Amino acid sequence: MAHRSPGSVGWALAARSVALWRRTVQQDQDLRAAIEWQDCGSLLVATGPEESASLSERQLALNSVGLKASYLNPRRLAELEPGLVPPRGGAGLLVQSDLQINGRAAAHALLQKCRAAPGFGDLMGAEGEVVGLELASGPAGGHVIRTAGRRIHARHAVVLSAGVWTGDLLSAATGTPGWSRLLQPRRGHLLEMPRPVGMSPVTHGMMEVSYTKHYAAASTTPPLPSAAASSTAAAASPASPADITFTATTSANGDLLIGSSRESNVWDTAPSPAIIAAILQRAATFLPGLRAAADSAAMAAEAAADGGDSYGGAVAGLSVRVGLRPYAVGGLPLVGPVVGAPGLFVAAGHEGSGLCMGPGTGELLVRHIRTHLGASGQDTRSFDDLLPDARLRGAALATTL
């Protein structure tokens, strides 16, 4: 929660989700272990006096909603994280209640819990790839999901949660091209590597203050058209340079997890030696113990640019994950029913917050679906800014200005 803005719909969804995560693992200690739950806290790191002053303001904002945040001067920061050397004038903000889980392990563990529930079924592999959505012709009919191997008729509802592919599926089904323009990929790299010999452990989840800009729109109400228009233009430009911001934490097995990168409208999931080198170079400015690895990655990137081998072997033990964050113009996700298609619901566009916002999103969807099925008392009004058609109208307004 350290990088989010209190009092916004994005904050509310994230806060509810964290509470649900905590309640779930308190009731299921096996799940807690399976998802590698770590109460490691988070640490925002300022790179100069101006950012340090912003941390004081953020501390007040977080404290005002009951979230304990502690401002750390350089001396205290060095005591807490000996391996961290922030730029001159830097400081830190510690939110000890923040936590970390393993995303892949969590997805696997939750799928296994679903499979253990009576009546649950799933279709995986090539046969399960969704290739289309056919909307019901009338209120009495059911929507149809077309996969590579079969047609699946929905009895009550369909929840479309296909990440960056959600927009194209919706556009094809509804004939409204705006859905495709609303959802865009933001390619990201995450590096995992053993901690270099002699480097002090990283004990908190660290991120530089500029990382918060990726969540500014998602933590507020939908942006004014001019702001949204600039976001749309950036998302639509394939030449947008990669944004590199420092993040670092330690996995449950002791490896370092180093990030992060964001590239707008890039669909390629092959690792980029240049991006890998840039991430490590940025990280080494905060964690000098990574300097040798950063230099090796830079040489590998130069060799790759000249037609040589890729990054493989340049940094001992390095593994790279590349994924497409589903970004919705304006920053907020889409959660709720699609107007004109009763029984069709969407959950997409969470960008880098899917793990954090997942439980709250699920709870909100259940309320929407129960309302569709005739249940009363399912209040969702405080999250109306997330309704898919509201998000679509905002994006359409932005692109016409």
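## Sheets, cores and ring contacts in a predicted model

Leu43 is in contact with Leu72, Leu77, Leu80, Glu81, Leu84, Leu93, Leu94, His204, Gly205, Met206 and Met207, leaving aside residues up to four places away in sequence. The model in which these contacts occur is predicted.

Leu43 also belongs to the largest nonpolar core, which has 33 residues; Leu43, Leu287 and Leu290 are the members that touch the most others. At least two residues of this core come from each of β1 (42–45), α4 (74–80), β8 (183–193), β10 (243–250), β11 (256–264), α9 (273–286) and α10 (291–305). The largest contribution is that of α9, with 8 residues.

The protein chain as a whole has 12 helices and 14 strands. Of its 401 residues, 45% are buried. Where contacts in the chain join residues at least 6 apart in sequence, 72% of them join residues at least 24 apart.

An open sheet of 8 strands runs in the order β2-β3-β1-β9-β10-β11-β8-β12, and its pairing is mixed. Its edges are β2 (70–72) and β12 (319–328); each has a single partner strand, so one side of each lacks a neighbour in the sheet. From one strand to the next, the twist averages 25°.

A second open sheet has 3 strands in the order β7-β14-β13, again with mixed pairing. Here β7 (158–160) and β13 (334–337) are the edge strands, each pairing on one side only. The twist in this sheet averages 20° from one strand to the next. Helix α6 (residues 166–174) packs on the sheet and touches β7 and β14, with its direction at about 155° to that of β14.

| Strands | Sense | Bridges |
|---|---|---|
| β8 and β12 | antiparallel | 10 bridges |
| β1 and β3 | antiparallel | 4 bridges |
| β2 and β3 | antiparallel | 3 bridges |
| β7 and β14 | parallel | 3 bridges |

Gly188 stands opposite Gly323 of β12. Leu44 has Leu93 in β3 as its bridge partner, and Ser70 has Leu94, also in β3. Val159 is bridged to Phe345 in β14.

Strand β3 (residues 92–95) is covered on both faces: Gly92 and Leu94 are buried on one side, and Leu93 and Val95 are buried on the other. Two of these residues, Leu93 and Leu94, are also among the contacts of Leu43.

Turning to the rings, the structure has 2 aromatic pairs. In one of the pairs, the ring centres of Phe246 and Phe286 are 4.5 Å apart and the planes are at 5°, so the pair counts as stacked, the limit being planes under 30 degrees apart. Because Phe246 is in strand β10 and Phe286 in helix α9, this pair ties together parts 40 residues apart in sequence. Both Phe246 and Phe286 are buried.

A ring contact of another kind involves a charge: the charged end of Arg186 sits over the ring of Tyr327, at 3.8 Å from the ring centre.

Note on methods:
Residues numbered from 1 in each chain as written. Predicted model: local features only at pLDDT ≥ 70, side-chain atom pairs only at ≥ 80, totals over all residues. Heavy atoms only, no water. Core = buried A, V, L, I, M, F, W, Y, C linked by side-chain atoms within 4.5 Å. Buried < 20%, exposed > 50% of the residue type's maximum accessible area, 1.4 Å probe, protein only. Contact = heavy atoms within 4.5 Å. Pairing = 2+ DSSP bridges. Axes fitted to C-alpha atoms, helices over the stretch in contact; angles between N-to-C directions. Phe/Tyr/Trp six-rings, centres within 6.5 Å; stacked < 30°, edge-to-face > 60°. Lys NZ or Arg CZ within 6 Å of the ring centre and 35° of its normal.
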